[in-house]
Every structure is written in C-alpha cells, then in structure tokens.
Amino acid sequence: MTDHAATTPSGRLTRVELRRGAYHDSVTLMQLSRAVAQTPGVSAAQVAMATELNIEVLSTMGFAVPDEAGPNDLVIAVAADSAEAVAAGVEAAEAALAATRRRPASGGMGSTAVEPLTLGSAVRRSEANLVVISVPGASAATEAFDAIDAGASVMLFSDNVPVEQEVALKDAGAAAGVLVMGPDCGTAVVGGIALGFANVGRRDVDPTVGLVAASGTGAQQVMCLLDAAGLGVTHCLGVGGRDLGAAVAGRSTRQALAALDADPQTRSIVIVSKPADPAVLADLQDFVASLDTPVRWATLGAGRPDLTTAVEDVLRAEGRPVPEWPVWAHQETPVSGSLRGLFCGGTLADEAMLVAQESLGPIRSNIPLSPELALGPGLASVGHTVIDFGDDQMTRGRAHPMIDPSLRLERIAAEADDPSCGVLLLDLVLGYGSHPDPGGELAAAIAAARHSRTQAGGHLPVVVSLTGTLGDPQDFDAVATALHAAGASVYLSNAAATRHAVSLLEGSAS
C-alpha cells in the first residue's frame with residue numbers, strides 16, 4: 001500500500017492511499033465515495049479504481065495519484081480542513097470496504113476453497129444462468145464474452161461500450177442461446193428479482209405483464225404506473241438504450257420478446273423505448289405479428305403516444321380502469337421565461353422534450369431530438385432547455401445522478417439565479433440502487449431556489465415528476481410530501497408533469 005499526504009496551497013489537507021490489486025466494482029465504489037464524502041469535516045472524497053479516466057478526475061479534484069497506479073489498483077482519496085477529518089474519512093472508507101468483502105466460497109473457518117479467478121469459471125462452478133457486469137466500459141466486453149461462453153445471460157450495466165462490441169456480444173449471445181441485456185442496461189426485473197435501478201412492485205397482485213425495455217427510467221415509469229393501477233410485471237428485460245437504433249437493429253429486443261412469448265405467466269407484453277430508428281421499429285412490427293402474446297407499444301417519438309398514454313392503452317386493453325394518477329399540486333401564477341428541465345433519466349428527458357415541443361417549439365439539450373438543437377460544451381441554457389445529467393458524457397468518472405445528484409443540485413441553484421428561467425421541471429426516481437434519501441436533498445435545493453428567486457423579486461414555479469411505488473425503500477409518500485412542502489408540484493406521470501410545467505409559461509400554446 002502506498003500512502004501519500006499533502007497540503008494544498010489553500011491549506012486543505014489531502015491523503016491518497018493506493019492499494020495494489022484491490023478490485024471493487026464501479027457501482028459499489030460510486031456509492032462508497034458518496035458515503036465517505038458525507039463524513040463530517042470532509043470536503044471531497046473519491047474511492048475508485050485507478051483507471052486513466054479516474055486518475056484524470058482525481059487530478060482535477062486536486063489529488064496527486066502516485067505514478068505507479070494502474071487500473072487494477074484501488075485509490076482512496078480524501079480532502080479535509082483538518083488531519084482528524086482526513087483520518088475519519090479514510091476510516092469511513094475502510095469500514096465501508098470491509099462491509100463489502102465476501103465470506104469464503106464454502107465452509108467455515110479454515111476453509112481451503114479457492115475463489116474462481118475468472119467470471120467464466122465462477123459461472124461454471126456455480127451453474128449461474130445470469131450475471132450482472134459492472135466494470136469500466138473498456139473492460140466490459142471481455143467479461144461479457146467470458147460469461148456468454150460459460151452459458152450465462154448477461155445484464156451489462158457498464159456504459160461507454162463501443163457499439164461494434166455491443167453488436168458482437170449480442171450476436172454471440174444469440175448463437176449461444178443466452179440474452180445480452182445492455183450495455184448501459186440500468187434496469188431489469190427477472191422473476192421478481194430487481195437488478196440495477198428498479199422499483200418495488202406490489203405483492204398483492206398476480207404479475208401478468210412483461211416488459212422489453214430499450215430504456216431504464218422509461219421502464220421504471222411504465223412499471224410504476226402499472227403498479228399504481230394494480231397490474232404486476234412478470235419480467236422487465238432491459239436491452240440497452242441503443243438496441244432499437246440502426247446499428248444494433250433490435251437484436252436483443254427480438255430475443256427478449258421471444259422469451260416473454262414463451263413464458264406462460266406473461267399474458268401481455270409492452271415494448272418501452274426512447275425514440276427509436278423508424279426502420280428498426282417497422283421490422284420489429286413484422287416480428288411482433290408472429291407472436292402469440294399480445295404486444296403493445298410504449299415507444300417514444302414524434303407523433304407517438306407518451307408513456308402515460310401508452311400505459312392507459314394497456315389498461316383499457318386489459319379491461320382495467322384508468323386511475324387518477326397521483327398529484328400533489330400547488331396553484332401557481334403563470335410566469336414569463338423559458339422551460340428548464342434538469343433530469344436524471346434520459347428517457348424521461350426525451351419524453352419531456354417531445355411533450356413540451358408541441359406547445360413550445362424546439363428545445364435545446366445535450367441529448368437533442370435533432371442535431372441542430374445540441375447545447376454547447378458548457379451546457380449553458382439557451383431558451384427552452386432540457387439536460388440529461390445521466391448521459392454517458394456526464395457520468396464518465398463519476399456516479400450516476402440517481403446515486404450522486406450533486407451536479408444537478410448545483411445547476412438548480414444556477415437556474416434560480418438566471419432570470420430567463422421561467423419554470424423548473426425536474427425528475428426524481430426512487431427504488432433500489434438510487435440515493436437512499438433523494439427527497440431531502442432535492443426538497444432543500446427546491447426551497448433554496450424558490451427563496452433565491454423571491455429575494456430577487458420574482459417567482460419560480462417548480463414541477464417534479466416522481467417515479468416510484470409505495471413499496472420503495474425511500475418512502476414514496478414521505479418524499480412526495482417533502483417536495484410539495486418545499487413548494488414543488490409533484491406528479492407520478494412524467495408527461496402530466498411536463499404539461500403542467502408548460503402551462504405555467506405565459507404565452508405557451510398549451
């Protein structure tokens with residue numbers, strides 16, 4: 001272990017520990033970094049593998065990483081104003097790491113069992129048929145091929161995987177008779193087991209609906225609406241956000257549809273996706289026509305239904321009443337200015353832009369609906385603007401905003417100080433994998449933003465799309481109540497939240 005302490009010119013104390021060959025997965029380290037950063041007295045913390053990208057991130061944070069650091073080494077970096085706080089941060093990291101260490105594979109004390117050295121050998125030894133892979137994108141394909149060769153389906157959580165590798169992985173999976181979910185598959189539910197970011201469904205209903213999802217937060221929105229209406233989900237098979245693009249051409253979607261069609265418990269199927277390639281959708285419709293199980297569409301795009309409308313169509317087809325979707329609303333006075341949407345979920349951001357542009361016209365974004373609407377490198381707001389903080393470019397070397405919302409919280413404050421911002425539209429996604437108490441931080445940021453605008457002599461309406469269920473660990477009702485008390489209007493339906501936000505802008509055509 002290498003231990004390096006230093007004092008920055010500003011007087012801040014830093015400590016960097018390098019632990020050789022101590023590998024931990026990226027999701028674990030993202031959550032652990034946030035926990036260490038919340039240690040009293042700690043001003044910055046990062047616990048990460050010493051990949052080239054992470055070293056660059058650490059350097060920008062003011063940490064000096066030893067030259068001998070390599071991608072298989074663990075870095076614990078803590079900065080604080082006192083030696084005691086630095087030590088407390090390192091101790092917090094050590095305690096959190098200790099809690100993640102696994103027990104021996106078999107036997108009790110004195111066990112001589114040898115841990116498998118590769119993912120493939122672990123699959124063969126355990127006879128597992130599904131593995132979750134969360135490693136840096138540059139290494140993800142190697143691990144996924146190993147799992148496929150061993151006969152396991154793969155949920156590939158990793159992002160920043162080249163599309164050529166995605167195609168090769170999915171072709172290899174199809175040849176081996178296994179399913180590749182991903183890359184960048186953030187949400188799946190298999191046999192009632194939640195993987196990645198997923199919500200807790202009701203247990204008092206029989207699951208009958210299967211989902212195939214080229215979308216993470218879009219799938220969560222659909223599952224939460226179905227849950228509120230009393231419909232359970234048999235499986236949600238994520239396929240990655242690019243699967244319905246021209247390059248991947250629905251490879252995993254076809255496999256997932258066939259698997260759900262063969263499942264006797266699944267009585268209907270819903271395809272969920274962000275805007276897809278029209279030719280791929282047309283080909284997929286021909287494939288769907290060959291299945292025995294009814295398939296319905298929740299695929300976003302210009303002229304297509306939003307996710308809430310698609311769910312309502314599913315309910316009517318199932319002979320179920322369409323409920324009144326939960327709303328915690330405020331009476332707000334319309335304001336001048338532009339819509340500013342700050343999202344954690346990419347599909348929810350896409351849906352918001354599609355809904356809002358019907359009244360507001362073109363909307364600029366870092367994930368624009370058309371290339372000419374792309375924001376500049378600094379992502380400064382220009383007129384009506386929607387930003388996806390979960391986009392791959394925003395998560396390089398840092399946790400997804402559903403885990404660490406700090407970048408978005410900073411932007412909320414900045415938009416409050418921008419007089420051209422008329423209405424703030426936000427999402428918040430609960431469930432497994434998400435921040436354990438996202439409502440408290442977001443409510444505080446909303447209250448501060450509204451107060452700042454009031455102090456400047458103005459008024460800032462805030463609308464929140466809250467995706468979650470009553471069974472989620474964050475306590476859905478408590479989160480909704482906290483956001484409403486902070487001054488936000490809260491909607492379960494993302495499309496309804498967007499329409500309400502648009503209606504608050506003076507001169508909108510809503």
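This is a predicted model: local features need pLDDT of at least 70, side-chain atom pairs count only at pLDDT 80 or more; totals for chains, interfaces and linings use all residues.

Modeller: Residues are numbered from 1 along each chain as its sequence is written, and side-chain values use heavy atoms, with hydrogens and water left out.

Biologist: How do you know that the span of helix α6 agrees with its 14 residues?

Modeller: Helices are DSSP runs of H or I with at least four residues, numbered from the N terminus. The expected span is 1.5 Å times one less than the number of residues. For α6, residues 163–176, that gives 20 Å, and the end C-alpha atoms are 20 Å apart, so the two agree.

Biologist: Which residues of α6 are called buried?

Modeller: Buried means under 20% relative accessible area, exposed over 50%, and partly exposed in between, with a 1.4 Å probe and protein chains only. In α6, Glu166, Val167, Leu169, Lys170 and Gly173 are the buried ones. They cover an arc of only 165 degrees around the axis, so they sit on the same side of α6. The arc is taken from the directions from the helix axis to the C-beta atoms. The face turned away carries exposed Glu164 and Ala175.

Biologist: What do the buried residues of α6 pack against?

Modeller: Their partners are α5 (137–149), β6 (153–156), β7 (180–181) and α8 (251–261). Contact means heavy atoms within 4.5 Å. Strands are DSSP runs of E with at least two residues.

Biologist: What makes a space a cavity rather than a pocket?

Modeller: On a 1 Å grid over the protein atoms alone, a 1.4 Å probe fits in a cavity but cannot get out; a pocket is an open set with protein on both sides within 12 Å along at least five of seven lines. Lining residues have an atom within 4 Å of a point. The second largest pocket has a volume of about 430 Å³. β11 gives the most to its lining, four residues.

Biologist: How many cavities of 30 Å³ or more are there?

Modeller: The search finds three. α14 supplies the largest share, three residues.

Biologist: How does the lining of the largest cavity divide by class?

Modeller: Nine nonpolar, one polar and two charged. Ala, Val, Leu, Ile, Met, Phe, Trp, Tyr, Cys and Pro count as nonpolar, Asp, Glu, Lys and Arg as charged, and the others, Gly among them, as polar.

Definitions and conventions:
Grid points are joined across faces, edges and corners, and a volume is the space filled by probe spheres set on the points.
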